[in-house]
Amino acid sequence: MGILGSPSFVTLALALCLLLNVAALCSSGGVTSSYVRKVEKTLDMPLDSDVFAIPPGYNAPQQVHITQGDLNGKATLVSWVTMDEPGSNEVRYWSENSKQKKLAKGKYVTYTFFNYTSGFIHQCTITNLEYNTKYYYEVGLLNTTRQFWFVTPPQVGPDVPYTFGLIGDLGQTYDSNKTLTHYEMNPRKGQALMFVGDLSYADHYPYHDNVRWDTWGRFIERSVAYQPWIWVAGNHELDFAPELGESVPFKPYTHRYHVPYRASQSTAPFWYSIKRASAHIIVLASYSAYGKYTPQYTWLEQELSKVNRTETPWLIVLLHSPWYNSYNYHYMEGESMRVMFEPWFVQHKVDVVFAGHVHAYERSERVSSIAYNITNRRCIPVKDNSAPVYITIGDGGNIEGLANKMIEPQPDYSAYREASFGHAMFDIKNRTHAYYSWHRNQDGYAVEADSMWFFNRYWYPVDDSTTH
Ligand SMILES: [Fe+2]
């Protein structure tokens, strides 16, 4: 018997293999989900789908949507479109405890895009609302009046529970419809939705067919007419098409989806902040300049210094292009913005950063890559208890399909990743704890495919990592 066949060599080789395997497992921090989906093509719903139905009646308001209208949640911005003529620019509203209708006056805009002309896009901000109150509101005239309602947030304060939903890169496919339905049916009941960019995917069509902006507005109305969606601009909002004579970026998006950016002293609608309940939410622009001395850079520097964790314990950042992404899609596209802003996020103890763009799901551990200074060789992400958790939630279900190619092995910092469509919930309990869950579309409405208890970085900066 040669040495290869000797029992002691086999035992040694087996032990070595086992050791190497364990080492390989240990070197990979998190979980790459083994969930197996039925592979299906993602197709846009046809124009005659019921979810795109035009409300009946002459000039009936459609695409009704609301967002927070000021810094603190005492105002609501209502927007809607009339197709035939401008019609009324008024919103009638009343609280559920009062029968007296009040009136708010708005204004409207129109725009053209290549051979498309928009309807009359109305916007009207209702101000001086009471906190924590249900309001009904009406838009339209006579027999085409349409009625909706919303609930204002509680007064901004440190221990105010509040539940945010999260959707990104939604589009208007059959999968998009499943994502929205699952969000609506989630028993945690989202009170406002943080939308991390890439709305309609109208630019996927020849000439960026803006009719698909209208269908998208009608599709999401069933949710966004009743609770505010907080908007982030993605790359599909650029609609930059000089070959069509359309060389002003973000034209359809900025005409249709207004945000209260001036309330936070921003100079453009792509970066701004709001306070809602116990959260301070900062929206950043991956597709606007963010280098040193730029308006966004200067604004963010000042904005972070204004955050008062005694008033709003939870500091949340929304942006489109993720900084920590271990898929082979849009790999390192967020890197230049990370280099600019990551030290500030660690310094100011941001709790969580939500991004979209990559059409899949991923959650990181708390890591930072700020030690590296070009010459010191410390160019790997390290565990950092002051760093945010980075979550990619670009899995709304748009026409471009899933990102399913991952970089192997899974990096240490990646806690959980899965290529499935879904949505998430960020459920703030008090100043120290928030419960986060991710829900894939294939499961029942209450099923959590991934979850984590967040410990607040300012009030309870205890290690909350979920891998070791
Ligand atoms: Fe994107």
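I began at S95 and, leaving aside its neighbours within four places in sequence, found it in contact with T133, K134 and Y135 (contact means heavy atoms within 4.5 Å). This is a predicted model, in which local features need pLDDT of at least 70, side-chain atom pairs count only at pLDDT 80 or more, and totals for chains, interfaces and linings use all residues. Residues are numbered from 1 along each chain as its sequence is written, and side-chain values use heavy atoms, with hydrogens and water left out.

S95 belongs to strand β4, residues 90-95 (helices, H or I of at least four residues, and strands, E of at least two, are DSSP runs numbered from the N terminus). I noted S95 as buried because its relative accessibility is 15% (buried is under 20% relative accessible area, exposed over 50%, partly exposed in between, with a 1.4 Å probe and protein chains only).

**The sheet**

Next I traced an open sheet of four strands, ordered β2-β3-β9-β6 with antiparallel pairing (two strands pair if DSSP finds at least two bridges between them). Its edge strands are β2 (62-68) and β6 (107-109), each pairing on one side only. I then looked at β3 (residues 76-82) and β9 (residues 120-126), which pair in the antiparallel sense over seven bridges. Here T76 stands opposite I126 in β9.

**Helix α6**

I moved on to α6, residues 335-347, which has 13 residues. From first C-alpha to last it reaches 18 Å, close to the 18 Å expected at 1.5 Å a residue (the expected span is 1.5 Å times one less than the number of residues). I found a bend of about 50° at F341, with a proline, P343, following within four residues (the bend is the angle between axes fitted to the seven residues ending there and the seven starting there).

Which residues of α6 are buried? I listed M337, R338, F341, E342, W344, F345 and V346. Their cover includes α5 (295-306), β17 (314-318), β18 (352-355), β20 (367-368) and β22 (389-393). After α6 comes K349, with a positive phi near 55°.

I checked N128, a residue other than glycine with a positive phi near 55°. N128 sits in the loop between β9 and β10 (134-139), and counts as exposed because its relative accessibility is 66%.

D239, also not glycine, has a positive phi near 40°. I placed D239 in the loop between β14 (229-231) and α4 (251-256); at 1% relative accessibility, D239 counts as buried.

Last, I saw that the peptide bond from E408 to P409 is cis, with omega near -10°. P409 lies in the loop between β22 and β23 (414-418).
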